[in-house]
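Could you look over my notes on one helix and the sheet beside it? I have set them out as numbered points.

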Amino acid sequence: MSQSEILQRTRRDYDDVAELYDDLIRRGDVVTDALSTAMVDAFAGLVRAGGSNSPVVDAGCGPGQWTDHLDRAGIAAYGVDLSPAMITIARRYRPDLRYDVGSMLELGAANQSVAGILASFSLIHTPPDLLPLALAEFARAIEPGGPLLIGVQIIDTAGPDGWAPYDHKASPAYLWHLDALVDRLHDHGFDELGRMRMAPPAPGKPPAGYLLMRQGTGQG
């Protein structure tokens, strides 16, 4: 399947479930929401400490709940998502914020022009062979020293490639071992600041995790 076909499939899949997905997000889960909020707030604290006047990008923003959260925390933020239906919902909740239909593979931001990037459970639909394109785009857009927060469903036992396919309800996805994902981020100049592993939210569900990275020396 070509890159264009993959993006079209993900866009179509999320357009089809946008309202249902939004309802699920708004109802939430107490534990998952509390832990996710802690990581997003840590990300926001690093942005604030960096003193940049540039905005952050909520990449794969969905219905915009984290863009809204960042704005309420005093962080200038805008959202980008493949799904026009998701963007419509995000704009419905916060018509005063910027939401763009677009791809994480082409954010449309100038070089080193954003203070940080949040990708909360949005990279999971990027096939592993396309992941380097997304990470290169993040590295290109973030200002030196800017933070990157990535949320993914995870596997605790690494296979030979560090990932496994995941039967996500909305669209095909991938589980990542956090160490394997860090290795790929190092290749694009990101240093690890911290991580969180969250227990599976229900029987039969995978655990989830966050990686908090910073544009730095890395390995690349």
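The points below start with the basis of the model and then turn to the helix and the sheet.

1. This is a predicted model, in which local features need pLDDT of at least 70 and side-chain atom pairs count only at pLDDT 80 or more, whereas totals for chains, interfaces and linings use all residues. Residues are numbered from 1 along each chain as its sequence is written, and side-chain values use heavy atoms, with hydrogens and water left out.

2. The residues of α2 that are buried (under 20% relative accessible area, with exposed over 50% and partly exposed in between, for a 1.4 Å probe and protein chains only) are S36, M39, V40, F43, A44 and V47. Seen down the axis, they fall within an arc of 140° (taken from the directions from the helix axis to the C-beta atoms), so they line one face of α2. The face turned away from this buried side carries the exposed residues V30, V31 and A49.

3. The open sheet has 7 strands in the order β3-β2-β1-β4-β5-β9-β8, with mixed pairing (two strands pair if DSSP finds at least two bridges between them). Since β3 (99-101) and β8 stand at the edges, each with a single partner strand, one side of each is left without a neighbour in the sheet.

Note on methods
Helix = DSSP H or I, 4+ residues; strand = E, 2+ residues; numbered from the N terminus.
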